[in-house]
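Please look through the structure shown here chain by chain, and then turn to the places where its parts meet. The report that follows is meant to be read with the picture open beside it.

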Amino acid sequence: MDSANIDQIIEKHRGKPGDLIHVLMEIQHQNHWLPRDVLHQVAAALDIPFSRVLRIATLYKTFSLTPKGRNEVQVCTGISCHLRGANKLLDAVQRVTGIKPGETDANWRYSVDTGSCLGSCSIGPEIIVNGTHHARMTPAKVEDVLKDYQ
Amino acid sequence: MQIDGREVKARDDMTVLQAARTAGIHIPTLCHHEKLEPFGACRMCMVEVEARGRKNYVVSCLYPVAQDLVVRTRSERVDKIRRVILEELLAHAPNSPELVALAREYRADRDRFEKDASFCILCGLCVRYCAEVKQKNAVDFIERGARREISFIPEIAAKECWDCQECFALCPTSYAQAAYFLTEALAFPGRRKAGVANA
Amino acid sequence: MTRLESAAELEHFRAGIVAARDPAKPCIAVCAGAACHGLDSARVAQAFRTEVGKLGRDAGLEVRVTGCHGYCEKGPNVVVGPDDVCYFEVKPEDAPEIVASTLKKAVVERLVYAHPDTGERAVHMGEVPFYKHQTRLLIGDNVRIDPMRIDDYLALGGYAALAKALFQMTPDQVLDEVKKANLRGRGGGGFPAGQKWETAKNAPGKDKYVIVNAHEGEPGAFMDRALFTGNPHKVLEGLIIGAYAIGSHRGFIYTRHDSPQLIRHIEQALAQAEEYGLLGENILGSGFDFRVEVHFDVGIFVSGESSALMRSIEGLPPEPRPKYIRTSVAGIWNRPSNLNNVETWANVPQIISRGAEWYAGIGTAGSKGTKLVSLSGNVVNSGVVEVPMGTPLRKIVYDIGGGIPGGKAAKAVHFGGPMGGSIPANLIDAPLDFDELAKLGAPIGAGGLLVMDEDTDMVDVARYFLEFLTNESCGKCVPCREGMRQTLKVLTNITKGKGRDGDIARLEDLNDVTGAACLCALGRTASDPLKSMLRYFKDEYETQIARGSEGKGGKAAGSAAT
């Protein structure tokens, strides 16, 4: 995303400190991460101390202060998926990608994270890649699913 | 109202803690400071209140006074709450003089729980003092839940902190000072007093 | 579309919609709920559209993409009206056969329900075991509604309750009706909604707010999403009626950012309601104004706690505030703010249209109406279930849920997720009732019902919930942050076979103080799962701790699964 888009989002909310979460959410959705200089820009435009912007940005799981890989892999670790073996699924994802939850690999191919329950408990355990659900997963199927995401 | 069996007069806008202190009755606190808004985080100032026949445990730094309120600042249950909270905090800062003194009073065992690496107890005195009194916001909380910590913001701290450092004295565990100097060492060139630099 | 300016115009418009529809015309409803969506129901819907498209303009049947039907386990779900023939696990390639059979008024036998033991078939919704034991007052309409089309909701009588409230009732009468119905909050505590409304209504101040809590961050709970995504206008109508009763002109919907479908449906519902004059200025010409805005959680569980939620709407960090003054008196910007969850609001229209007496006739003495339950875990049929209050849990788990898979025995049922409790299988005849289940230590919470089989490690379950909460709390107050941190350490050690003498006492002390001293409801109820475990499964804890001293590890909960 180019900085003109970011500027546009920030402009929309200029002078409205109550919009902080909305601004960060929009930038995160489009840009997939929140560069520090953008956070400074947000603080200035919304007239909020930079420390408060940083506090909000580190508090919510969705916000990332580092760039994400091309493919965002989430392993659901909700209770139902947990009871149905999400741990082993996560192990397999870590083995295939070589990274742990919260990390991005050196080639920017994958970012892995554990996901909060998305309410598709009946089809768990599942992994979600770039928003696409892969339902009723087993550790053995992980490699096959992930290889399609370059 | 009544505190520990004594009749106490209080103004409408007071909290139970203020009323108690005005009457010379001691309630322990860790996150409270007269110059700052009440925070209600350390829960050490919990007391037992009884109103209209119902018993409740509340934090006195936030609970508003009321007519005919009956307050007990010590009871077996209140003491237990304070003891466990102290044991939890001593897992972080086993040698903090303030905590050690309180631990003696409430018979808290500083080795009851597994030790944790950080010695900050997150009372927020530094954060709130910097925001409310100094209005610089050079230090704030980051992260959440068990990962919450205080963090000096290099961009602001580099400009504001050297000449202030007032929060260091408020810190019950000396962590604020350590965190500041760590940030300085990592993120911006510190200023040294001329004499030291030339020595 | 011109705005509807009166109740009469609404009824006239509704009559027009109904007249244009042929009730005998078959309609293929393809579920696009969370689970079916995950099973690629979008491709199934597309296949039906293509197939019906081939038939030309007067195809004689239509396709509707709907919200959750309920039977998530057997998705993608397809229901063919008007007789509600249920097809399960439908694939795109099944579409031609279903369309052809439907036109011939025949049934595709291979895709209907077959009992796993007897092979007995069930064709219609009313015969399928999962559905036939339910009373689907709230979720039942999902099959008949395209959530993106307000006309579908109007065709089923939607917004008639709002018109009745605005033109035939005073705000006090609306409030009285809700109080008489004894509607209790579905979000967790079961607090009487009417009483809460009354507090907000009587609180001083001109500006008052009403809020839909659609956060549903609790793992294993998915009924609010199913209801709100599938029938957004039902919730919205309830909210507008509530706003009228309380005297509020500004409402908020608080939801998670990671349900794009729900957000799309909410935004569309708000836009269409406004276009029709059911929202905004001078609603239906009544002189009553009401607007709604949407706010989002971007990923922290504590933001669903009412005072934290209100801080978020103000744009502040979602840290709870102590409620020595109730949020219904001093909430958002310190103004009276009435918060109810999705399901609570959705109950309001039927209470107004059918009356408190009718409503109070359903359920038990203290718990009225039906309750949505998210049924998941070690159960044959997981999904969204709606039953009258008072229904025995056994009926939910066995008659509706089909029992435990793999021929295993049930060990426990757990209600309320990380802030709920577990009860052993021998208490499974307990009724679904706020007070009865709270007494047993498994309060209904929002209605997430988790079934656990005989292989489940109860220490690991408590550990799981604590791990979840330590990462999802705000971290402000000591007994929550540190209490959970230490409890988690003790439990983790036990599951790793490193239990120590005194662990039970350590857990009890930590739990006791967390339950008593925390700032908000999240912290205070975070101790509930462990409390119920120590009440019913203490020997399992003691055995595992004892094994620790022998140096052997316990089996993790997930190990039984493939």
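## A serine and its contacts

Leaving out the neighbours within four places in sequence, Ser306(C) is in contact with Lys323(C) and Leu339(C). The model is a predicted one, and in it Ser306(C) belongs to helix H13 of chain C, which covers residues 306-313. Is Ser306(C) buried or exposed? With a relative accessible area of 12%, Ser306(C) is buried, because the cut-off for that word is under 20% relative accessible area.

Pro192(C) is partly exposed, and its relative accessible area is 24%. When residues up to four places away in sequence are not counted, Pro192(C) touches Leu183(C) and Arg184(C). Val178(C) is 14 residues away from Pro192(C) in sequence, and the distance between the two in space, C-alpha to C-alpha, is 9.2 Å.

## A helix of chain C

Helix H20 of chain C, made of residues 503-517, has 15 residues, and the distance from its first C-alpha to its last is 21 Å, which is close to the 21 Å expected at 1.5 Å a residue. Why can H20(C) be called largely enclosed by the rest of the structure? Eleven of its 15 residues are buried, so H20(C) is largely enclosed by the rest of the structure. Among the buried residues of H20(C) are Asp503(C), Ile504(C), Arg506(C), Leu507(C) and Asp509(C), and the list also includes Leu510(C), Asn511(C), Val513(C) and Thr514(C). As a general point, an α-helix has 3.6 residues a turn, so residues three or four places apart point the same way.

## Chains A and B

Chain A contains seven helices and four strands, and, read from the N terminus, its elements follow the order α-α-α-α-β-α-α-β-β-β-α. Chain B contains seven helices and seven strands, and its elements, again read from the N terminus, follow the order β-β-α-β-β-β-α-α-α-β-β-α-α-α. The table sets out some values for these chains.

| Property | Chain and value |
|---|---|
| Span of the C-alpha trace along the principal axes | chain A: about 50 × 30 × 20 Å |
| Box of the C-alpha atoms along the principal axes | chain B: roughly 65 × 40 × 30 Å |
| Accessible surface | chain A: about 6300 Å² |
| Accessible surface | chain B: about 10000 Å² |

Of the 150 residues of chain A, 56% count as buried, while for the 199 residues of chain B the share is 51%. Among contacts between residues at least 6 apart in sequence, 57% of those in chain A join residues at least 24 apart, and in chain B the corresponding share is 51%. Chain A has 17 positive and 16 negative charges, whose mean positions are 7 Å apart, whereas the 30 positive and 28 negative charges of chain B have mean positions 1 Å apart.

## Where chain A meets chain C

How many residues does each chain bring to the contact? Chain A gives 34 residues and chain C gives 48 residues. The area buried between chain A and chain C is about 3600 Å², and carbon and sulfur atoms give 59% of that area. On the side of chain A, the residues that lose the most area to chain C are Tyr60(A), Ile79(A) and Leu83(A), which together make up 18% of what that side buries.

Conventions
Residues numbered from 1 in each chain as written. Chains lettered and ligands numbered in written order. Predicted model: local features only at pLDDT ≥ 70, side-chain atom pairs only at ≥ 80, totals over all residues. Heavy atoms only, no water. Helix = DSSP H or I, 4+ residues; strand = E, 2+ residues; numbered from the N terminus. Buried < 20%, exposed > 50% of the residue type's maximum accessible area, 1.4 Å probe, protein only. Contact = heavy atoms within 4.5 Å. Areas by Shrake-Rupley, 256 points an atom, 1.4 Å probe, with all protein chains shown as cover. Lys, Arg positive; Asp, Glu negative; His and termini not counted. Charge placed at Lys NZ, Arg CZ, Asp CG, Glu CD. Expected span 1.5 Å × (residues − 1). Buried area = accessible area lost by both parts, 1.4 Å probe.
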